[in-house]
Amino acid sequence: MVHAELRSLPSYPVPLQGREAMAGKLINALLAEPDQGSASRGGLPGTVAQKTAQGWRLTGRKAYVTGIPVLSWLLVRARTESPEPEICFFLLPQQASGITVLSTWDHVGMRASASHEVTLTEVFVPNDHLIFREKAGQVSHFGKVLAMWNQGLLGALYDGIVRTAVGWTENFLKERKPSNLGASLATLPAMQNVIGEIHIALDLNQIILRSFAEAVAFKDQDRIQKEAALVKIQTVDGAAGLTQSLLAIAGNAGLSARNDLERCHRDALCGRIHAPHAELLRTKAGRQALGV
């Protein structure tokens, strides 16, 4: 999705031109910071870009750098060191001198994402690696394509997490036959009610995801913005509640580390912390509705 954002620029970044620079190379955007939190909340980044005669020097600390062990390129958000700072995006190789990976990722879920922190200590960046700049404090014109891809992919990811969880639970309910019942748990109306409710939610997920994909394909910006919020709140944020319902009917077996449901629930818990947060989306929708 970062590649898609970069390809939307008027000119493709010089560092990525040519097959050798592109083939099989992974890029991620370094936006969040330990002190600032999510860039979606606004504010100037703490990472500073200092101009030099040869280019730039970047110093700062970034958080939640997903996939850092396998990334080839880093898209770093920073601010210039000037009375009227600008927000800049720099593209630099992951192996650049001055970059240090801190193994801080210890979250309850999504453990395989390796979203560690990264420090940058006077990392040199050539002038042609500055790919975008704009004045601080104004509506950003960078990242719209990235955000669009991000919402769609996250929606598909968390929908898949719930589908894995419900698949395991359905098999468990069919196979578990308590001696006092004389039949499988799947025959109980209470179990059928929960499974049915979750399948209805998954059907709704599919409708929203398909509609969002159509909006992206037709480049309908109004639909994209509105339905991106639906994807986030319904599909991404809603995943944790659905897996919680499955745990309630699976009992102790669902909490066993050897079963898919336990892992899926931990992963689903991470959905609600992805930007933009539901609070921001609800507030924006409320302001629009009230004409504020």
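Partly exposed residues are those whose relative accessible area falls between the buried class, under 20%, and the exposed class, over 50%. All of the views below are taken from a predicted model.

Figure 1. When neighbours within four places in sequence are left aside, Gln-192 is in contact with Ala-186 and Thr-187, and the side chain of Gln-192 reaches the backbone oxygen of Thr-187 at 3.2 Å. Glu-170 is 22 residues apart from Gln-192 in sequence, whereas the two C-alpha atoms are 9.5 Å apart in space.

**Figure 2. Helix H4 and the elements that cover it.** Helix H4 consists of 29 residues, and the distance from its first C-alpha to its last is 42 Å, close to the 42 Å expected at 1.5 Å a residue. Its buried residues include Met-191, Val-194, Ile-195 and Ile-198, and also Leu-209, Phe-212 and Ala-215; Asn-205 and Ser-211 are among the buried residues of H4 as well. The cover over the buried residues of H4 includes helix H3 (144-175), H5 and helix H6 (239-250).

Figure 3. Lys-219 is placed in the loop between helix H4 (189-217) and helix H5 (221-236). Although Lys-219 is not a glycine, its phi is positive, at about 55°. Most residues other than glycine have a negative phi. The relative accessibility of Lys-219 is 67%, so the residue counts as exposed.

**Figure 4. Glu-122, a residue with positive phi in a strand.** Glu-122 belongs to strand S7 (residues 116-126), and its phi is positive, about 45°, although the residue is not a glycine. With a relative accessible area of 54%, Glu-122 is exposed, because this class takes in values over 50%.

**Figure 5. Arg-266, a buried arginine in helix H7.** Arg-266 is found in helix H7 (residues 260-269), and its relative accessible area is 16%, so this residue is buried. The side chain of Arg-266 makes a polar contact with the side chain of Glu-262, at 2.7 Å. Not counting residues up to four places away in sequence, Arg-266 touches Val-108, Gly-109 and Arg-111.

**Figure 6. The cis peptide bond between Ala-275 and Pro-276.** The bond that joins Ala-275 and Pro-276 is cis, with omega at about -5°. Most peptide bonds are trans. Pro-276 lies in the loop that runs between H7 and helix H8 (278-290).

**Figure 7. The whole protein, as context for the close-up views.** The secondary structure comprises eight helices and eight strands, and the C-alpha trace spans about 80 × 45 × 35 Å along its principal axes. Of the 292 residues in the protein, 45% are buried, and among contacts with a separation of 6 or more, 68% are between residues 24 or more positions apart. The protein exposes about 15700 Å², of which carbon and sulfur atoms supply 55%. The 30 positive and the 26 negative charges have mean positions that are 1 Å apart.

Note on methods
Residues are numbered from 1 along each chain as its sequence is written. This is a predicted model: local features need pLDDT of at least 70, side-chain atom pairs count only at pLDDT 80 or more; totals for chains, interfaces and linings use all residues. Side-chain values use heavy atoms; hydrogens and water are left out. Helices (H or I, at least four residues) and strands (E, at least two) are DSSP runs, numbered from the N terminus. Buried means under 20% relative accessible area, exposed over 50%, partly exposed in between (1.4 Å probe, protein chains only). Contact means heavy atoms within 4.5 Å. Accessible areas come from the Shrake-Rupley method with a 1.4 Å probe; for residues, only the protein chains shown count as cover. Lys and Arg count as positive and Asp and Glu as negative; His and the chain ends are not counted. The place of a charge is taken as NZ of Lys, CZ of Arg, CG of Asp or CD of Glu. A polar contact is a pair of N or O atoms within 3.5 Å; within protein, one must be able to donate a hydrogen and the other to accept it, and residues adjacent in sequence count only if both atoms are side-chain atoms. The expected span of a helix is 1.5 Å times one less than its number of residues.
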